[in-house]
Amino acid sequence: MNKHTLAVTVENKPGVLTRVTTLFRRRGYNIDSLTVGTTENPGISRMTIVVEGDDKVIEQVTKQLYKLVDVCKVIDITSERAVDRELVLIKVKADNNVRAEIVQIVDIFRARIVDIGRNSLIIEATGDRGKIDAIEDSFRPFGIIELVRTGKVAMVRGSK
Amino acid sequence: MKMKGAEILLHCLQKEGVDVIFGYPGGQALPIYDALYDSPIQHILVRHEQGAAHAADGYARASGKTGVCLATSGPGATNLVTGIATAYMDSVPMVVLTGQVGSSFIGTDAFQEADIIGITLPITKHSYMVERTEDVARLVKEAFHIAGTNRPGPVVLDLPRDVMDRVIDFEDNNEEVNIRGYRVMKGVNNGQIIAAAEMINRAERPVIYAGGGIIISGAAVELKEMAEKAKIPVTTTLMGMGAFPGMNYLALGMLGMHGTRYANYAISECDVLIAVGVRFDDRVTAKLEHFAPNASIIHIDIDAAEIGKNVDIDVPIVGDVKEALQALIPRLQSREELSEWHQTISRWKAEFPLRYGKSSEGRIMPQHVIEKIYELTQGEAIITTEVGQHQMWAAQYCQYKNPRTFLTSGGLGTMGYGFPAAIGAKIARPDMTVIDIAGDGSIQMNIQELGTAVQYKVPVIICILNNQYLGMVRQWQGLFYNGRYSYTDMTHQPDFVKLAEAYGAVGMRITRNEDVESALQEALQIKDRPVLMDFWVEREANVYPMVPPGQSLLNMLGGEDNE
Ligand SMILES: Cc1cc2nc3c(=O)[nH]c(=O)nc-3n(C[C@H](O)[C@H](O)[C@H](O)COP(=O)(O)OP(=O)(O)OC[C@H]3O[C@@H](n4cnc5c(N)ncnc54)[C@H](O)[C@@H]3O)c2cc1C
Ligand SMILES: Cc1ncc(C[n+]2csc(CCOP(=O)(O)OP(=O)(O)O)c2C)c(N)n1
């Protein structure tokens with residue numbers, strides 16, 4: 001199954017998110033991640049939806065999204081030259097024996113330590129999905145107490 | 001001018017050309033009802049909100065205008081749901097007005113609060129919670145615009161009581177509708193039209209598969225022109241009945257699960273399939289892999305999402321059918337009879353006509369009643385149906401000349417649709433005879449609307465083909481569940497004649513073949529009241545041909561001889 005990233009421009013109105021998720025649920029499309037946020041235009045929000053499916057499914061998803069009155073534009077940016085980023089917060093077990101090692105890993109990934117507890121650290125990192133996956137893998141051996149990822153946001157490069 | 005929200009609402013409805021609303025009052029709709037008291041818009045008081053939704057739907061399908069229904073909040077609104085879903089599945093333009101609790105109560109589980117926007121999200125084209133009285137005019141306009149353009153559908157306007165009560169300084173500045181994410185489809189791709197024309201001109205065994213989109217688009221004239229110019233046989237879906245004259249020499253009748261043998265053979269053998277305003281429903285295609293296996297397929301549809309949804313398309317044309325056909329027709333070669341193909345089809349027609357057997361006990365055959373209805377009305381009546389065997393026979397044994405004369409719940413298959421839809425249709429087209437072909441099961445789902453039809457003197461005719469079974473389900477149990485008729489026997493039923501009379505309608509019972517015609521003639525003369533005709537028909541007649549579920553269109557049961 002391929003993952004596709006759709007950049008969806010929608011009206012910034014109550015209920016729009018529900019309309020989109022209802023559509024995905026009703027038609028049985030799999031959302032891998034979905035983020036919503038405001039844009040430079042206060043009337044418009046931007047969703048970045050990562051959805052799983054073959055080309056036929058993605059074509060249907062796109063067409064069905066367009067049928068929602070509140071959806072203005074849908075772009076499949078999977079194969080575009082795009083910047084995509086995700087943010088992760090990881091609370092990892094960290095007693096004195098392993099702290100130094102953890103700090104090293106944090107440096108390698110250009111992540112940051114944002115909270116220090118007695119036996120744990122919270123680490124913040126941003127990057128594309130591959131990097132975040134790698135960070136997650138690197139900390140797993142120490143024991144991850146809690147982890148939260150934002151899901152990705154993306155933007156096409158250049159003047160488009 | 002100082003106006004209340006509810007007054008603005010009715011003012012705007014009038015401007016949209018609304019002359020009738022089907023509705024039922026209640027607490028949160030009181031401001032609207034108060035304004036209706038002085039409004040020139042006619043209000044038809046139904047007996048159940050489901051009846052209001054179906055009546056608005058029947059009105060819309062019969063007239064081509066947008067139907068309007070109205071209910072109070074909570075239970076009133078939820079009673080509309082089946083009617084909204086029915087309209088949604090069949091692409092019917094409808095504006096649904098619901099009362100709602102006051103803005104400050106929303107979200108508090110207030111008395112008779114129901115989240116009707118949330119409930120109807122997957123079965124509406126769009127919906128609005130009207131939050132400010134200032135927005136009423138604009139949103140009414142948007143609602144009608146969205147409901148009636150492109151692929152039509154129901155739009156809900158949820159109207160909190162205080163928004164309807166509030167008085168504002170209202171000035172109608174006739175704003176243009178401008179919705180960023182919604183544009184009316186215009187034009188068709190010329191390259192695709194050329195490709196389609198070439199494909200059709202080269203075809204040896206073409207077939208047109210015509211559907212509801214033609215009726216919605218108002219393109220029946222163009223369809224006939226195209227078919228007759230290029231001599232292409234036409235099969236229609238259940239929703240396409242009336243899009244092409246049933247008695248035309250090129251007509252193949254309905255295709256699909258209960259289609260004619262010759263239509264299904266033609267689909268299976270054709271080399272070019274021209275699909276016009278159809279959505280490749282599973283009742284039509286049967287097993288997808290075997291659908292039109294030898295054909296290149298052209299698909300014209302205004303909804304891009306329908307193209308390639310179920311079947312891969314060789315020439316997709318996104319746009320309005322009428323526009324597309326107008327562009328296509330001049331590019332088609334005039335043809336004489338496509339002799340070989342037409343001969344093959346004629347042979348199939350002669351060999352496998354629709355036919356039915358005789359009753360074992362001398363009872364009336366249900367198909368016979370429908371043939372008589374056609375004989376007496378000659379395609380000049382509006383036929384509505386409920387859902388079941390009678391619905392299929394109505395499609396098979398009646399011919400339809402004109403668009404908007406066959407109203408049936410195809411997509412959702414809603415029992416209880418036909419009678420309220422007939423009331424709506426008769427109100428839209430008082431000049432037309434309107435007949436609801438019903439089953440004894442279905443009619444009991446909205447029979448309370450006899451009260452409405454009698455009160456407003458709506459002279460529709462209900463023909464119950466009474467087999468004392470939920471016949472369509474019984475047929476499946478007979479064929480696929482070893483004849484175990486689990487809970488489909490409806491022998492226990494009211495005396496329909498007395499029931500009609502109790503409501504003030506005319507009731508008739510017909511039990512003998514020789515009385516069918518005269519009874520129908522008598523009913524057709526009654527112009528001041530509804531007539532309920534209770535035909536006692538053969539109990540275990542089946543609808544044939546039938547493509548069993550999961551089979552290909554070629555695997556039809558029945559219809560080979562008079563069984
Ligand atoms: C018991 C039962 C049995 C049934 N058996 C059969 C059967 O044997 N055969 C059969 O055919 N049906 C049958 N049906 C009906 C079936 O379920 C579908 O409702 C029907 O086949 C759909 O018809 P359609 O393809 O014409 O599409 P519709 O539902 O009428 O949809 C219209 C299509 O046209 C498009 N459109 C709308 N406006 C325009 C426009 N202006 N320009 C271009 N395109 C437009 C829409 O986007 C849509 O794709 C049965 C139903 C029931 C309840
Ligand atoms: C509201 C609703 N409930 C259940 C069904 C399932 N169903 C389809 S046909 C049918 C039987 C209809 O019986 P009747 O109205 O007597 O018509 P007949 O088939 O006997 O002509 C049923 C129960 C349905 N289509 N709609």
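A pocket here is an open set of points on a 1 Å grid over the protein atoms alone, with protein on both sides within 12 Å along at least five of seven lines, and its lining residues have an atom within 4 Å of a point. This is a predicted model, where local features need pLDDT of at least 70 and side-chain atom pairs count only at pLDDT 80 or more, while totals for chains, interfaces and linings use all residues. Residues are numbered from 1 along each chain as its sequence is written, chains are lettered from A in the order in which they are written, and side-chain values use heavy atoms, without hydrogens and water.

Start with the second largest pocket, about 970 Å³ in volume (the space filled by probe spheres set on the points, which are joined across faces, edges and corners). Select Lys63(A), Gln64(A), Lys67(A), Leu68(A) and Asp303(B): of the 37 lining residues, these are the closest to its centre. Next, colour helix 1 (16–27) of chain A, which gives five residues, the largest share of the lining. Helices here are DSSP runs of H or I, at least four residues, numbered from the N terminus.

Now go to chain A and select domain 1 (2–76) and domain 2 (83–156); the bounds come from an automatic or database domain assignment. Their centres, over C-alpha atoms, are 28 Å apart.

What holds the one salt bridge across this interface? Show Arg129(A) and Asp32(A): their closest N and O atoms are 3.0 Å apart. The rule wants a side-chain nitrogen of Lys or Arg within 4 Å of a carboxyl oxygen of Asp or Glu.

Notes:
On a 1 Å grid over the protein atoms alone, a cavity is a set of points where a 1.4 Å probe fits but cannot get out, and a pocket is an open set with protein on both sides within 12 Å along at least five of seven lines; lining residues have an atom within 4 Å of a point. Helices (H or I, at least four residues) and strands (E, at least two) are DSSP runs, numbered from the N terminus.
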